[in-house]
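This report covers the sheets, a helix contact and the nonpolar cores of one protein model. Please look at the structure before reading on.

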Amino acid sequence: MLIDQTELIQKTAVCGGLRPDTLRFILERSEEREVPSGQYFFRRGDAGDCLYVIRSGTAVVERSWEGHPIVLARVGPGDCFGEMSLIDLQRRFASVRAETDCSVIRVPYSSLSKLCQFDTEQYAMAMMNLGREVSRRLRIAGERLFQYQQELGQQWFDEELAFDA
């Protein structure tokens, strides 16, 4: 199922609450891409310069362990991915591969930085939305970690994860 660009981008985490003129501004600076099944959007360690919104198809977010891919998530129409690198300006945390043929909208970081110059309030809303999506995904990962610890009957303590809750 192919979703109209404007309708699709309105429903994504990054664009919730953004005005129609802001959505047009972002879309005018974005591009559509067709990615065949099996092709990578990006690989772990690549520079992160954009996020993707899936119009059709599915993709898997994966990391490798001892040469074997481990699927961390599956994303489909209306989902976005690649947003972490736009927030923390770090290299890609995982690889994303098209599981089926995909039609996507590629939203470059430059379009969001130009939005900051065009409308600071809408840029702040977009960045808050990105932060909320990353937070939502972090909560899911934290819940999974908690469940795994309970199943294994162990507790892991890692100084890198030390924080005030």
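Two strands pair if DSSP finds at least two bridges between them. Helices (H or I, at least four residues) and strands (E, at least two) are DSSP runs, numbered from the N terminus. This is a predicted model, in which local features need pLDDT of at least 70, side-chain atom pairs count only at pLDDT 80 or more, and totals for chains, interfaces and linings use all residues. Residues are numbered from 1 along each chain as its sequence is written, and side-chain values use heavy atoms, with hydrogens and water left out.

| Strands | Bridges |
|---|---|
| E3 (residues 50-56) and E8 (residues 102-108) | 6 bridges |
| E4 (residues 59-65) and E7 (residues 95-98) | 4 bridges |

Ile 54 stands opposite Val 104 in E8, and Glu 62 stands opposite Ser 95 in E7.

**Helix contact**

The axes of helix H4 (residues 109-118) and helix H5 (residues 120-152) come within 6 Å and cross at roughly 140 degrees. That makes H4 oblique to H5 (under 35 degrees is roughly parallel, over 145 roughly antiparallel, 65 to 115 roughly perpendicular, the rest oblique). Leu 112, Leu 115, Cys 116 and Phe 118 in H4 meet residues of H5 including Tyr 123, Ala 126 and Leu 130, where contact means heavy atoms within 4.5 Å.

**Cores**

A nonpolar core is a set of buried Ala, Val, Leu, Ile, Met, Phe, Trp, Tyr and Cys residues joined through side-chain atoms within 4.5 Å; buried means under 20% relative accessible area, exposed over 50%, partly exposed in between (1.4 Å probe, protein chains only). In the largest core, of 20 residues, Ile 9, Cys 15, Ile 26 and Leu 51 touch the most other members. H2 gives the largest share of this core, 4 residues. A second, separate core of 15 residues includes Phe 42, Val 61, Val 75 and Ala 94.

Methods
Axes are lines fitted to C-alpha atoms, for helices over the stretch in contact, and angles run from 0 to 180 degrees between N-to-C directions.
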